[in-house]
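Here are my notes for you, written as a colleague would jot them down. Have the sequence and the 3D view open while you read.

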Amino acid sequence: MVEPIDIPGAIVPIPSTITADAFDQAHTDAAFGTIMARMAREAYGDDYPEEVDPYGMSTLWTLRAFVDELKLAKGETLVDIACGRAGVSLWVVRETGADLVGVDWSPVGVAAAGKRAFTWVGEGRARFQVGDLVATGLPDECADAVLCADAIFFASDRIAAVREAARILRPGGRYAFTADEAKDGHPRSVPDWHPIIEAGGLDVVSRIEIPQWREQLTRLYEIWLENIDEVRETLGEDAANELRDEAESVGPTLVNRTGVLYVAQRA
Ligand SMILES: C[S@@+](CC[C@H](N)C(=O)[O-])C[C@H]1O[C@@H](n2cnc3c(N)ncnc32)[C@H](O)[C@@H]1O
């Protein structure tokens, strides 16, 4: 058996700026949401899921892939771990007729998701609660499917995050997540999610490369930099510096990165 410590990217330190409070702030700030959405719309064009307002890289392609791969039936239960404002999973359950439980460590994200749910799926089909990627607070085997969009890499112990999804899945249920793979040797990078998924107790069903992922993200970072003065005027110096730092540090590494959607299953 491979020890977790020997699996690259499985257990890594997470920067101290990644906190629930920081995400609370981002989920609260309407000006942040407006300007980020405008720039994402410009980068993704027709693939931008306007009504979803994702906090991440989800596009219409990704949403359709989640629906196709999770194999949900009407009345079944989807759990969205690190749901944020839950646009992604609300889209999926509106398409499939499933019910939704969303979990996020940001109370502001969870409250915003709760406010949006009625207009998407009506009364009684979606609920949200505060919880962690590695400790959702949900009972064993309560989910027919689990998704995690653009968030599993925020867990310091990525195997524990998969193990938590496995714990709440019923036997035969599917787990799908989006992330990236990078063979750049950086200690936080994951070159291959297969051994992490398997160490977490699930079988890999498929690894799908997200079409246009690198091109879209490259364009997004260019647009952030083109608009950095407006970001500074609207959101302040700290927010502008953060966006600029991410664009300038991650942008050039994109040639070594691949956006992936993994599908796994509980035996
Ligand atoms: C990039 S956003 C993605 C949100 C949503 N899945 C989407 O695609 O719109 C990442 C989310 O992960 C949540 N998050 C980060 N670390 C977490 C943790 N340890 N436990 C629970 N949620 C976490 C954040 O609060 C945030 O809502």
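1. First, the ground rules. This is a predicted model, in which local features need pLDDT of at least 70, side-chain atom pairs count only at pLDDT 80 or more, and totals for chains, interfaces and linings use all residues. Residues are numbered from 1 along each chain as its sequence is written, and side-chain values use heavy atoms, with hydrogens and water left out.

2. Start at the ligand. There are 18 residues around it, and His27, Tyr55, Ala82, Asp104 and Leu133 come nearest (a residue is near a molecule if one of its heavy atoms lies within 4 Å of it). Sorted by class, this shell has eleven nonpolar, four polar and three charged residues. For that sorting, Ala, Val, Leu, Ile, Met, Phe, Trp, Tyr, Cys and Pro count as nonpolar, Asp, Glu, Lys and Arg as charged, and the others, Gly among them, as polar.

3. Now look at the ligand's own N and O atoms. One of its oxygen atoms is 2.6 Å from an N or O atom in the side chain of aspartate 104. A nitrogen atom of the ligand lies 3.2 Å from a polar side-chain atom of aspartate 132, and a ligand nitrogen is 3.1 Å from a backbone N or O atom of alanine 149. Taken alone, the ligand exposes 600 Å², and the protein buries 96% of that (areas come from the Shrake-Rupley method with a 1.4 Å probe).

4. Buried means under 20% relative accessible area, exposed over 50%, and partly exposed in between (1.4 Å probe, protein chains only).

5. Next, arginine 127, which sits in strand E3 (residues 126–130). Helices (H or I, at least four residues) and strands (E, at least two) are DSSP runs, numbered from the N terminus. Arginine 127 counts as partly exposed, at 43% relative accessibility. Its side chain makes a 3.0 Å polar contact with that of glutamine 129 (a pair of N or O atoms within 3.5 Å; within protein, one must be able to donate a hydrogen and the other to accept it, and residues adjacent in sequence count only if both atoms are side-chain atoms). Leaving aside neighbours within four places in sequence, arginine 127 is in contact with Leu100, Val101, Gly102 and Leu138 (contact means heavy atoms within 4.5 Å).

6. Why is helix H6 (residues 158–168) called largely enclosed by the rest of the structure? Because nine of its eleven residues are buried. Those buried residues pack against strands E1 (77–81), E4 (143–149) and E5 (169–182), plus helix H7 (194–199). Aspartate 157 caps the N-terminal end of H6, with a side-chain oxygen 3.1 Å from the backbone nitrogen of isoleucine 159.

7. Finally, find proline 4 in the segment before helix H1 (20–28). Proline 4 is partly exposed, at 27% relative accessibility. Not counting residues up to four places away in sequence, proline 4 touches Ala10, Ile11 and Ile159. Proline 4 and alanine 199 are 195 residues apart along the chain, yet their C-alpha atoms are separated by 7.4 Å.
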